[in-house]
Amino acid sequence: MDHAAAQSAAAEQRAADTEPQYIDAPLTMAAAFLVLVIGGGEEAMSTARSVVASTGDLIKDLLVRDGSGTFTCNVGISHHAWAPLTGKPLPKELRPFQEIRGARHTAVATPGDLLYHIRAGSADLVVEFEKILLDAFGDCVTAVDDTAGFRYFDGRDLLEFADGTANPNGLHLPESTVVGEEDPAYAGGSYVVIQKYLHDLADWRAQTTETQEAIMGRTKFDNVELPDAAEGQKSHKTLCTIEDAEGEHDILRDNMPFATPGRGEYGTYFIGYSRHLWVTEKMLERMFVGDPPPLHDRILDFSRAVTGVTFFAPARQFLTDLED
């Protein structure tokens, strides 16, 4: 093999080894956010490792039954579980979710070793996959959260505003969400932050449309950006815009509404994928602490965070190789 051919083969192998999970999959009609804690002991960890490594095969098995071809699943591993599960050094930025305590609101930190972010065109596929997955895990894990999300009309949240408008697209999408050569051992991975928010819909609906729009920084009907405040209280849109000398830093949100009307429970499940964890952390700090403090994001007066966990979703091949 000549030098050029060897280089080409090496590049192809590198591309295969660093192929991301389904980070950029489109918004679906149904989703689930399954957060698991692995039990104590090496036997539980060994079983968990085997199931995580076989996730790609489980996905393929279900894809055969999915006529729409929209089924995807991403697996995230937390800081706490990383070393015992993988036996590898930590990705550069992986750390536990840090509680953020503002003057009025707190971003809480909660348990979680594994995240399964499941997306499909219909809820039956989501439920079927979870059933198969949890049967494989057996009693080696405990589910600490299992939230079913659904698409609400034209991609709005239950506050009735379009969600994910600021998401990157085109070539900017992988640039914003997928780790590159700044951490070569984990290229193709993505940092994932999840938070489950419960809404006080009665209080929110008591606000005028103008007040709601000022809080969000966008018009409600046609989703047009409003001008940034020159000083004082900033909108949700402005507080979640992270800029520095290098320019604007984006994350990918794949948030989904969830609800149990009989219990009066309505919320948004926030999930953010990012190339750099600090970007998402900075957004949350600006929301809960304020910029400047104590001018927090006023959406928090109507939406309470009840969970908070950070994960790393490694490249597909990394997961498969865990079984070796």
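Analyst: N223 sits in the loop between helix 8 (209-216) and helix 9 (236-239). Helices here are DSSP runs of H or I with at least four residues, strands are runs of E with at least two, and both are numbered from the N terminus. N223 is not a glycine, yet its phi is positive, at about 60 degrees.

A word on the model. It is predicted, so local features need pLDDT of at least 70 and side-chain atom pairs count only at pLDDT 80 or more, while totals for chains, interfaces and linings use all residues. Residues are numbered from 1 along each chain as its sequence is written, and side-chain values use heavy atoms, with hydrogens and water left out.

F153 also has a positive phi, of about 50 degrees, and is not a glycine. Its loop runs between strand 6 (141-150) and helix 6 (172-177). F153 counts as exposed because its relative accessibility is 67%. The cut-offs are these: buried is under 20% relative accessible area, exposed is over 50%, and partly exposed lies in between (1.4 Å probe, protein chains only).

Next come the cis peptide bonds. One runs from D291 to P292, with omega near 0 degrees. P292 belongs to the loop between helix 10 (277-289) and strand 13 (303-305). Another cis bond leads from P293 to P294, again with omega near 0 degrees. P294 lies in the loop between helix 10 and strand 13.

Now to a buried residue. V52 is part of helix 2 (residues 42-53). V52 counts as buried because its relative accessible area is 0%. Which residues does V52 contact, leaving aside its neighbours within four places in sequence? They are V75, L85, L114, Y116, F137, L319 and L322. Contact means heavy atoms within 4.5 Å. Take F137: V52 and F137 are 85 residues apart in sequence, but their C-alpha atoms are 9.0 Å apart in space.

Last, the surface. D17, D321, E323 and D324 form a patch of negative charge there. Patch members have over 30% relative accessible area and no salt bridge, and like charges are joined within 9 Å. A salt bridge is a side-chain nitrogen of Lys or Arg within 4 Å of a carboxyl oxygen of Asp or Glu. Asp and Glu count as negative. D17 is in helix 1 (residues 3-17). D17 counts as partly exposed because its relative accessibility is 33%.

Terms used. Patches are made of residues with over 30% relative accessible area and no salt bridge: like charges are joined within 9 Å, nonpolar side chains (Val, Leu, Ile, Met, Phe, Trp, Tyr) within 5 Å. Accessible areas come from the Shrake-Rupley method with a 1.4 Å probe; for residues, only the protein chains shown count as cover. The place of a charge is taken as NZ of Lys, CZ of Arg, CG of Asp or CD of Glu.
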